[in-house]
Amino acid sequence: MRFLLVGQPNCGKSTLFNQIAGYKAIESNFPGTTVSYTESKFMLNNEAISIIDLPGTYTILPHDYAERVTRNYIFENDFDVIMNVVDASTLSRGLELTLELLEMEKPMILVLNMIDSAEAKGIAIDEKLLSEILNIPVVKTIGNRGIGVEAALETAYNTACKGTVENSIRFRKDVEGSITEVMKCVKEFIFNKRFAAIKLLEKDDYIVKKIILCENTESILVGVRRKIEESHGINSAMIISYERHGLAMDIFERVAKFSKPKKNFTEIVDDILMHPIWGYFFLAIIVFAFFNLVFKLGQPVEGWLTAIFDDLSRYLQHYFPTSQFIGSIISGTVNGLSAGIGIALPYIFPFTVGLSFLEDIGYLPRIAFLVDAFMHKIGLHGKSIIPLITAYGCNVPAILSTRNMNNESDKFKTAFLATFVPCSARTIVIMGLVGYYLGGNMALLIYIIDIVVIAIMGKILTRVDKEPSPGLVIEIPSYHLPTIKSLSQKTWFRLKDFVYVAFPIIIVSSVILSIIDYFKLTNWINKMLSPITTFVLGLPQKVGVTLIFGIFRKELTLIMLNQALGTDKIATVMTKTQILVFTLFIVFYIPCVSTIAALKMELGTRKTIIISLTTIVVALIIAFSARIIGSFVY
Amino acid sequence: MLKTLSDAEIGREYRVVQLRGGLNFQRRITAMGLYVGEVVKIVRKAPFKGPLLVDINSSIVAVGRNITFKIFVEEV
């Protein structure tokens, strides 16, 4: 049997899912890179059940990528029962989705979640009456404490066994009249004809394409739409939404009893964290503390890991010397593993945990609120800040997460700008070169220059791509203490992009680098690149090859620079200006191979090439300017 | 008096009277509960012409300034 978890964003659906997956799972299937739902299997009444956690959606008429995933899943897959999860504290809005799902007349139960926070808001719900009105079972749960989960699953199981349900909820008379007329035009549909008629009035192209109409009925359809639009004065697509809204409000008022709410925790905290002045002060502190913690904690761990892999590589060299072809392949593989794990474990992992924590607790949408005004100045809106912050850990998950942006233009701009964000690998280079030889303030300056460049690029992009951004509309959920389970799931969800996309590429490219080394192509590459390295940037010719390494893995430039120059005391062979110029070039020029792969997945080849070429131009301009300015300063 | 949500004041309640925008805009905004006829309360405003924080039937939604110009309201 297959259970679907469907609900609006922030209804606690995933927490509920994790409770189920946690204590009963016999197998948990984590999402791949193309789908973003989670599946888990468990045993109930001696039967194998798979439960699917679909992304949160406000309606089945989708506005963004995640919502499309949910709608398409419902229409393209078989299932036995829908567990519609609703946040009891925002029941009136949640019921709109419930009513829409009921129209499908599929077995369904309502899971009234987070009843504790509803009670704190002074809302008590009569679930028996609600069940009577909707004609489906209603179960109360408190997801994060696991209360009611068992009962919800049992109820869902029993409902699935009973088969289809009848939906007796009706809109106002004239709307129902139009629906009945449209129903006559419907020949075939995977769901009932009334549902097809409603979707024809709602004009969702995706669903409309799945409806087979009787011959020569197009004109009837157009006529019905026109008639009802005239009498209501709004688009027929909106009429149905208003009908559901009205019904939902009526039902809510019948089943809910109100008492005086407690001054809730969220409001008290938001008085500080969303304050027009203090809000920004705390934002700066939180972000600064977050980055410091991650990279300060990461450094010693990276040291240990590199030491372990160095030992391993020395040990292997004993048996397979790099002078042999096979030996160089093996050493490339080990170096790749070392680099992947050496970046992922100490930096990307804690960064991702921290980011997931900020998301789970509810702080990320608040950042979007705080920075929206600034983001507008560079042609984006608050929602884009989340991929941009993610990019400081690793660009790959950042770019893949831009699929959640509401339109193509926002997606392109956000992904473009994300490639300029110095990820953990680039941070290693900045710290190891500028931070080490020129001091912490200069390193900080690089980050500031980077933000300025992002702002300027944002401005330029809005000039080129004139499509106005649809703007910010985002729900600000109450603060919630994250559970370990949901934290680990979110962390994995972001980390898997690194594991599946970036990690294999890192290993393969390491092998390629070994082969370059084996065939002694280094000198040739250095000569080829000398117009850029020596003529434009004024760097030693020997650094040329490190730029190639940097395309594969940015942090390698640091190690390879030591190797190329034959010393780990860079300051003895490069001037301060040269170190600065080199680092700036590394930070901006061409995204790493893994990032390019991610760009190609999300935006296609053409846009990926545009972005990659632009970054080279930007890097040349910035690094050349640094060379000129540096020659005056130092 | 008719005005847009952008002119709304913190702590006051307003009734939505018109949503001036295309179908996508209307769908997006009503999905968050901002229907014509609904009474909303302004909870907060971000500085520098940032978004408004609106309480709609006890769910809190951040609405960007450029969107608030399209939402016409009257004081309750």
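The structure holds 24 salt bridges over all chains. Please keep in mind as you read that this is a predicted model. Side chains of opposite charge can pair when their charged atoms come close. Let's begin with some of these pairs and then move on to the nonpolar parts.

### Charged pairs

| Salt bridge | Closest N to O distance |
|---|---|
| Asp271(A) and Arg44(B) | 3.1 Å |
| Glu408(A) and Lys411(A) | 3.9 Å |

Start with Asp271(A) and Arg44(B), which form a salt bridge with their closest N and O atoms 3.1 Å apart. This pair crosses between chains: Asp271(A) sits in helix H12 (residues 265–273) of chain A, while Arg44(B) belongs to strand E3 (residues 39–45) of chain B.

Next come Glu408(A) and Lys411(A), whose salt bridge has its closest N and O atoms 3.9 Å apart. Because they are 3 residues apart in helix H18 (residues 408–418) of chain A, about one helical turn separates them. Lys411(A) is buried, with a relative accessible area of 10%.

### Two buried residues with polar contacts

Now look for Glu475(A), which lies in strand E12 (residues 473–475) of chain A. Glu475(A) is buried, with a relative accessible area of 8%. Which side chains make polar contacts with the side chain of Glu475(A)? One is Tyr58(A), at 2.7 Å, and another is Arg93(A), at 3.1 Å. Leaving out residues up to four places away in sequence, Glu475(A) touches residues of chain A, including Pro9(A), Asn10(A) and Pro365(A), and also Met32(B), Ser59(B), Ile60(B) and Val61(B) of chain B.

Tyr347(A) is found in helix H14 (residues 325–361) of chain A. With a relative accessible area of 2%, Tyr347(A) is buried. Its side chain joins that of Glu302(A) in a polar contact of 2.8 Å.

### Nonpolar cores and a surface patch

What about the nonpolar side chains? The largest nonpolar core has 114 residues, and Leu433(A), Phe582(A) and Phe588(A) touch the most other members. Apart from this core lies another, of 60 residues, among them Ile82(A), Leu97(A), Phe191(A) and Phe195(A). To picture the surroundings of Phe588(A), set aside residues up to four places away in sequence: it touches Phe420(A), Asp450(A), Val453(A), Thr615(A), Val618(A), Ala619(A) and Ile622(A).

Leu444(A), Leu445(A), Ile448(A), Val452(A), Ile456(A), Ile460(A) and Val464(A) make a nonpolar surface patch of about 620 Å². One of these, Val452(A), is in helix H20 (residues 440–464) of chain A. Val452(A) counts as partly exposed, at 43% relative accessibility.

### An enclosed helix in chain B

Finally, turn to helix H1 (residues 23–31) of chain B. Why is this helix described as largely enclosed by the rest of the structure? The reason is that 7 of its 9 residues are buried. The buried residues of H1(B) are Phe25(B), Gln26(B), Arg27(B), Arg28(B), Ile29(B), Thr30(B) and Ala31(B). After H1(B) comes Gly33(B), which has a positive phi, near 95°.

Terms used
Residues numbered from 1 in each chain as written. Chains lettered and ligands numbered in written order. Predicted model: local features only at pLDDT ≥ 70, side-chain atom pairs only at ≥ 80, totals over all residues. Heavy atoms only, no water. Core = buried A, V, L, I, M, F, W, Y, C linked by side-chain atoms within 4.5 Å. Buried < 20%, exposed > 50% of the residue type's maximum accessible area, 1.4 Å probe, protein only. Contact = heavy atoms within 4.5 Å. Helix = DSSP H or I, 4+ residues; strand = E, 2+ residues; numbered from the N terminus. Polar contact = N/O pair within 3.5 Å; in protein donor to acceptor, adjacent residues only side chain to side chain. Patch = residues over 30% accessible without salt bridge, like charges linked within 9 Å, V, L, I, M, F, W, Y side chains within 5 Å. Areas by Shrake-Rupley, 256 points an atom, 1.4 Å probe, with all protein chains shown as cover. Salt bridge = Lys/Arg side-chain N within 4 Å of Asp/Glu carboxyl O.
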